[in-house]
Every structure is written in C-alpha cells, then in structure tokens.
Amino acid sequence: MLIAAAVCPGAPLLVPELATERSDVLAELRRRCRRALDQVRASRPDSITVVGAGPRTATFGAEAVGSLAPYGPADRIRLTGERADTGVAVLPLSLSLGAWLLAEVGWHGRVGGLSVAESSSSGDCVSLGCQYAREPGRVALLVIADGSARRSRQAPGYWDRRAAGFDEAVAAALAAVDRTALLRVDPELARDLLAAGRAPLQVLAGAATDGDWRADLLWHEAPYGVGYFVATWRRPTVGNGDPGLPNPADR
Amino acid sequence: MAIVNRTPDSFFDQGATFDFDAALSAVGRAVGAGADVVDIGGVKAGPGEEVSVAEEVERTAPLVHAVRARFPTAVVSVDTWRAQVAEECVDAGADVINDSWGGVDPGIAEVAARRGVGLVCTHAGGQQPRTRPHRVGHDDVVGDVIAATVRLAERAVTAGVSADSIVIDPGHDFGKNTWHSLELTRRLSELVDTGWPVLVSMSNKDFVGESLDRPVAERGDGTLAATAIAAWLGARVFRTHDVRATRDVVDMAGMIRGTQLPRATRRGLA
C-alpha cells in the first residue's frame, strides 16, 4: 500500500555540479526537496519507487544505471544512488535525477523505477499507479514532475498565457490531495505547455487510493520559467497503530 | 563575418539596425573595420513576434541589394532558415545562405545548388527555429555535431552545391547548454579535422555570459577569448558583432600560428 509520496522537480540544475550559479533560489529549492524526502522517510517506507516521464513506459530495478553526464560534468549513477562505473545508462533524465535525490538524503533502502511515456493516457497512468496501491508492504513514491516550461518570456518554451493557471491548478491539487483534479489534467494541453509532470502525477493519483492523506506543498514557483512543485502526501502517521503520532520531519 | 540584423528585437543590438539606413551604415562600418562577409538577418534567433516570409523578405532583400551595389567586394550572406527568403535574397545579390537552424527546410540546399551560392550547414540539435533548448542531453556533443553537420554538407553536395562553397557551423548555444558549447569550443579541432571549413558563431552568446556570469552587454572580452581559441584550433569564419576586435584577434592568432604575416615588423631590424 502506498503510504507516502514526494513530488520533486526534474531539472538538472538541482545538481550543484551542473548548475554552478550561486543562487539562493536554487539552494532553497534543494533544501525543500531534501525536506520532502525526509518527510517520506519518516513514514518508514519499505521501498521507494522513483516515477518520472521518459521516452517509453518501463520499470527498472535497483541496479539500473542512469547518467547526468549528457547535461554536464556529472557521474553515472544507479537507482540505488551508488556511482556506476560499469553498465549502459538506461534511465531517463527524470529517474537519474530521482536516484541522485535519494542519494543526497542517504536513502539506502529498497528502490525501483518507473518511467512513464509522455504519450500515456490518463487511464494508463491510473492503471500503473494502482499497482503500487496494491503492492504489499509500505510503499513510497518519489514522483519527478514539473509544471509548464512556458511560464515567462525567458522560459525554455517562451510564454504561454495558459501556463500559470495550469500550474496553479496542479499545485492546488497537490495541496489538497485532489486526485480527481490531477486526473482531469488534459494530456494534450500538458504537452502544449511542455509540462513534463502530467503523466507521473497521474500515476500518483492512481496510486494514492482512498483513505486519509495529509498534504504538504513545500514549494510552488517558477524561478527559471518552469513550474516547480515540491510536495508530499502522507498517510497520517500510524506509529504502532497510533494515529497522529508527531512526525519528526515536520519540526 | 559581420552580423547586421534588420530586426527590432535581436538579443544584442536590440533593434539598433532595424532601420534600413542604420543597417546600411552598420554594413559600411563593418566593411571598413575589415569584415570579409556581411551576414544579414531579418528574424531574431530567440522566440518572439512571428515574422512572416513576406516580412522577412522585406527586411532582408532590399538591404542585400543595397549592400551588393555599394560594397561590391563584400561577400553578402543571408541568415535564414526559409528557402523562399533565401531565394529572394539570392535574387537581390546574396552570395551565401547562412542556414543557422540546421536544415529544417531542405529546400534551402536546393536553392544554394540551383543558384550556385554558398551554404552554411549548422548543428541546431533538431530544435525548431526560434526555440530554446530545454534539458537537452548529448552523450557526445562533438560526435553529434560532426555527424549532423557533415550529413548536411554531404546532402548539400548531393543536391548540387559546390563542395568548395560549404562551411559547417557547430551552432554554439543552439540546442546546447553552456557545458556543451564549452566542450565544442575546446574540441573544435575535431570539427576542423572533418575537412569542411568551420564557421563559429559565438558572439555575446549565453555560453559566454554564463561562463563569466556577465550580462549581454559585458560579454565582449569573453567572446574574444573564445574567438582566439577557435582561431588557434582552426576555425575559418567568425560571426561577430565586433568586427574590428575580431579581425585583430583572428589575425593575431594566425600570426602566432605562423599562418599569417605580421602587418608591420620593424623592431630590432633597423
């Protein structure tokens, strides 16, 4: 059963070796991502699966290799977070970044990866998500997902008047655990707006089945013209069956 | 190769030569400062207001015609990705088509072939014209650039363009991040080794700006440093906003390499 999920951006500039700019904004964004993952870890998951957009839908095991080297001076990395000196890089950028984020927070538990094709229908995404809902044990997801890359005239995709509203709606859905709203996001509009997060977020909507959820929207800005979300969804802490046990990551 | 834009919105000149007379004066200054080639553009490279084919022709072709008449020895190039604009500019007297978006319109090579003019074959990473790179990765950026530019050059030869009228351009910043453009510059000799003459278009671009953390107006020194290194590594054409300085840098690099004679030696020789 899914017990927690974090949403983080898929931007290579999260990696300090790639983005050398001294930037308070980036430092803050990285801090929020770490906090989101700390919150997920505090839910004591048995495994964390990284979900992100990719050229095709595929699952990956812990030893699968990814690489940030196509974007600059960076190492190849396994989903486990270990440096990979051998093996062909097969992970898409989103999962490589997810592996990097997990390594950053020192996650040494079980990991997996799911790449979701951008062309996947909302129904496909829900089906993929349901697998995690049904999986035995305490399952967590790290969802690598962005809003529109068309948030300003300086944005990678230039400016589109629909982009800000699109991102606001996604942020509101994340803040309210509104699965219906996430599933309403139109794949075609998302593609037009260069929003890389539509499919992975709909996987999340499929995985987070009923029950109580507690949401924390930790970041929702577009400092480089791309909408970034940092958020967590957690089932209320059930420490030995005690609902509402204070969560150390919240302090 | 001097950049003269008849655009209201190009990133560096910000419309300074949009006006016809201002553009023609800029050409005069560039030729006076030692430009061999004048590259005339009518659409900014970045995203912005849509410019129709008719509008682009209106901006470029009359200027090409005037430059042809007033500066008969200058090589006139037109910076466009559209075959129709290229054709109109060749009618007006252009000698070279600078296809800086990497062959998105295959008709461009056919125009160059049919009309017997030169062609710049550029790597733009498959980007559509006037789009910015977004998380573009290259396993081997130099390999990608060589493969794409040589393919375009060979396609042009097959279409009938004279092989000695073709140059290749790695397309700094086009479909590339700063790491990619730095690596391309560092390994430029590998492009030179293809045998095709290499054109570099680096003037005041973002890879210079990001490398030195300088805004657009303060990238001249960085551009010249890159120019010196590209010249040393064998580039042959340098597209620039600053002709006088570029001419000196390129000549100096040639003199240090020993491929060019110094202009006025006297010291210790009296």
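Q: How many helices and strands does the secondary structure of chain A come to?
A: In this predicted model, the secondary structure of chain A comes to 7 helices and 11 strands.

Q: How compact is chain A, and what is that judged against?
A: The general idea is to set the radius of gyration beside the value that the globule rule gives for a chain of that length. For chain A the radius of gyration is 17 Å, close to the 18 Å that the rule gives for 251 residues, so chain A is as compact as a globular protein of that length. Along its principal axes, the C-alpha trace of chain A spans about 50 × 45 × 35 Å.

Q: What percentage of the residues of chain A count as buried, and what share of the contacts joins residues 24 or more positions apart?
A: Of the 251 residues of chain A, 51% count as buried. Among the contacts in chain A with a separation of 6 or more, 74% are between residues 24 or more positions apart.

Q: Where does Ala84(A) lie, and is Ala84(A) buried or exposed?
A: Ala84(A) is found in the loop of chain A between β5 (76-78) and α2 (93-104). To judge burial, one counts the other C-beta atoms within 10 Å, and a residue with 20 or more is called buried. Ala84(A) has 20 such atoms within 10 Å, and therefore Ala84(A) is buried.

Q: Which residues is Ala84(A) in contact with, leaving aside its neighbours within four places in sequence?
A: With those neighbours left aside, Ala84(A) is in contact with Val65(A), Arg76(A), Ile77(A) and Arg78(A). As for Pro12(A), which is 72 residues apart from Ala84(A) along the chain, the C-alpha atoms of these two residues are separated by 18 Å.

Q: At what angle do helix α4 and helix α5 of chain B pack?
A: Helix α4 (residues 107-115) and helix α5 (residues 141-159) of chain B pack at an angle of about 45 degrees, and their axes are 9 Å apart. That angle makes α4(B) oblique to α5(B), and α4(B) passes α5(B) in a right-handed crossing.

Q: Which residues make the contact between α4(B) and α5(B)?
A: From α4(B) the contact is made by Ala109(B), Glu110(B), Ala112(B) and Ala113(B), and from α5(B) by Arg155(B), Ala156(B) and Ala159(B). The residues of this contact of α4(B) with α5(B) divide into 5 nonpolar, no polar and 2 charged.

Q: How many residues of chain A are in contact with chain B?
A: In this model, 11 residues of chain A are in contact with 9 residues of chain B. On the side of chain A that touches chain B, the residues divide into 9 nonpolar, 2 polar and no charged.

Methods: Residues numbered from 1 in each chain as written. Chains lettered and ligands numbered in written order. Predicted model: local features only at pLDDT ≥ 70, side-chain atom pairs only at ≥ 80, totals over all residues. Helix = DSSP H or I, 4+ residues; strand = E, 2+ residues; numbered from the N terminus. Rg over C-alpha atoms; globule rule 2.2 N^0.38 Å. Buried ≥ 20, exposed ≤ 12 C-beta atoms within 10 Å, placed from the backbone. Contact = placed C-beta atoms within 7 Å. Axes fitted to C-alpha atoms, helices over the stretch in contact; angles between N-to-C directions. Parallel < 35°, antiparallel > 145°, perpendicular 65-115°, else oblique. Left-handed = near helix turned anticlockwise from the far one by under 90°. Nonpolar A, V, L, I, M, F, W, Y, C, P; charged D, E, K, R; others polar.
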